[in-house]
Every structure is written in structure tokens, then in C-alpha cells.
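Hello,

Here is the structure I promised to pass on to you. Please open it alongside this email, and then read on for what turned up.

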Amino acid sequence: GRAESSPVVWLEAVILTGGAVCLAAVLVLIPAASMIEQVGISLFIAMLYPVCDVLMLLIIAAQVGLRARDSSWRTLVLVVAFVCFTAADLIYAEKLAAGRYEFPVFLNVLWAAGLVCLMQGACLTRRPAKVVASPHIGRRSSLVLVPAGLVAVMVLVVPHPTERIWLVEIPALITLAAVAMRAWIAIQAANAATESYRQAITDELTSLPNRRGILALMAASADT
């Protein structure tokens, strides 16, 4: 069956999505004001497609890093799909920038291959999640959550050449709030684990080391 959701899963989903939105803001929205005047609205829209494809690849990679998605054939097929879309959209944007509005055969083949892989990935059966969300922040999770928070901070710090700053800052503030709440949950879990360990190695009445605590002290002394 499907694994039950938890606040940790939802917080990490908010951080992941918010980080992707902030990254899109850094790559697209912030330089949009000057870029539209230089390249025109049609080329600017064409450039949005490969950016969105890359963002989808980043989201899939982040899901694997957070263990919200397993490393299966389904994930591989989705990655191949968005790689094909990215290559095709980049080639199309390059041709449009050169003033050539044409669709070569290999370009249509890339789009078709990406669409087939995308449908195949959607139709493949997804295996149930085997890893239960932990309140602790592991090494793999930190590789995703920390960059998402840094990108959100970058969005808030970097000057915006657009008047609608709130369109960029609101996702960044939501992402930072989710990062702070996720860190608080991790700290609470670490404190609870420390207290549980202390109770496991001490006597409840005397607060002196029990048999397990004495063995732990002897093992620590032997190691030193």
C-alpha cells in the first residue's frame, strides 16, 4: 500500500518545490526584464522550455536524494524523457535565435522519444516506498535541503530588476520558513534521542550508570 504522509514529508516537499521555484526565479524571472527587451518575447518564451525541463530533472534528482523516489526503471525512463525534451528545446531555441524557424527530423525524433518515455514512465507501476521518513536530517537530505535554503536566501539578497519583487520573495520566504521548521524538527528529534540514550544507560532511581552504562564506559575506556 501507499505509505502514510507525515509532516516531515510535506515539509521536505515544500522545501523541494520552493527551492525549484527560487532557482527558476534566479535563472528566469530576475533577468527577464532586460532579456525580453534584448531577445524579444518569442525567443524568451522558447528559452523557458529548456529551463523548465532542467528544473524537472533537478526535482527528480532531489526526490531520489530525499528518498521520496526510488532508483528504478520508472525514474530512469522519466530522466531520459526530460533529457530528450531539454536537448530538443535547446536546439529549437538556438535555431530560433539564429532566425531559422525550422523543425529537422532529428528534432521531431527527440520530442517524440521524450513523449514516449514520459508516457511509459507514467504507466509503469510504482513500487511502494520502503524508507519511512525520519525526523533526522541525513547526509542525502542535507544535499538537497541546504542548497534549497541557500537559493532562497540568494533570491532575497540579490537585487531584483523588476518591480514585482513579491512574486519572487514570497516563495523564498515560504522555503526559508519550511527549512527552519524542518531544522527544528531535527533538533527536537536529536534531543529526544539523546535523552532516550541517557535513560537507557542510567538507573531510574539513583541516576547512576546501570549495567549497560558501565559496559559502555568500560568499552570507551578500552578504546582510549
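Predicted model: local features only at pLDDT ≥ 70, side-chain atom pairs only at ≥ 80, totals over all residues.

Let me begin with the inside. The largest nonpolar core is made of 7 residues: V8, L11, I15, L145, A148, A178 and I185. Three helices, α1 (7–29), α6 (139–157) and α7 (166–201), each give two or more residues to this core. The largest share, 3 residues, comes from α1.

Next, have a look at α8, which covers residues 211–223. From first C-alpha to last, this helix of 13 residues reaches 18 Å, close to the 18 Å expected at 1.5 Å a residue. Helix α8 is hardly covered, with a buried count of 1 among its 13 residues. At its start, a side-chain oxygen of N210 comes to within 3.2 Å of the backbone nitrogen of R212.

Finally, A97 is part of helix α4, which spans residues 73–97. Is A97 buried or exposed? Its relative accessibility is 53%, and exposed means over 50%, so A97 counts as exposed. In sequence A97 and M47 are 50 residues apart, while their C-alpha atoms are 9.7 Å apart in space.

Definitions and conventions. Residues numbered from 1 in each chain as written. Heavy atoms only, no water. Helix = DSSP H or I, 4+ residues; strand = E, 2+ residues; numbered from the N terminus. Expected span 1.5 Å × (residues − 1). Buried < 20%, exposed > 50% of the residue type's maximum accessible area, 1.4 Å probe, protein only. Polar contact = N/O pair within 3.5 Å; in protein donor to acceptor, adjacent residues only side chain to side chain. Core = buried A, V, L, I, M, F, W, Y, C linked by side-chain atoms within 4.5 Å.
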